[in-house]
Amino acid sequence: MNWHLDKTTIAGTGIEVSPLGLGTVKFGRNQGVKYPALFTIPNDGEVLRLLDLAHELHKPA
């Protein structure tokens, strides 16, 4: 799989960002968030695998 998303520049900053982001609210808590039900917090191994995959997919083509 080889995906590439063009980056965009945040106005007035010169900072380039991907048009997609990785939400991480579930990485550390399952209470006090605005979801209809509690959810399972991923364990450290699952978090590391997800971050590795996100990093791999973010690399330029």
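Select Leu 57, which lies in helix α1 (residues 44-58); helices are DSSP runs of H or I with at least four residues, strands are E runs of at least two, and both are numbered from the N terminus. This is a predicted model, in which local features need pLDDT of at least 70, side-chain atom pairs count only at pLDDT 80 or more, and totals for chains, interfaces and linings use all residues. Residues are numbered from 1 along each chain as its sequence is written, and side-chain values use heavy atoms, with hydrogens and water left out.

Is Leu 57 buried, partly exposed or exposed? Leu 57 counts as partly exposed because its relative accessibility is 31%; buried means under 20% relative accessible area, exposed over 50%, and partly exposed in between (1.4 Å probe, protein chains only).

Now display the whole chain. One helix and two strands are present, in the order β-β-α along the sequence. Of the 61 residues in the protein chain, 5% are buried.

Finally, colour the chain by pLDDT, the predictor's confidence in each residue, from 0 to 100. The average over the protein chain is 80, and 77% of the residues score at least 70. Among the elements, strand β1 (residues 8-9) has the highest mean pLDDT (92) and α1 the lowest (86). Where pLDDT is low, the predicted coordinates should not be read in detail.
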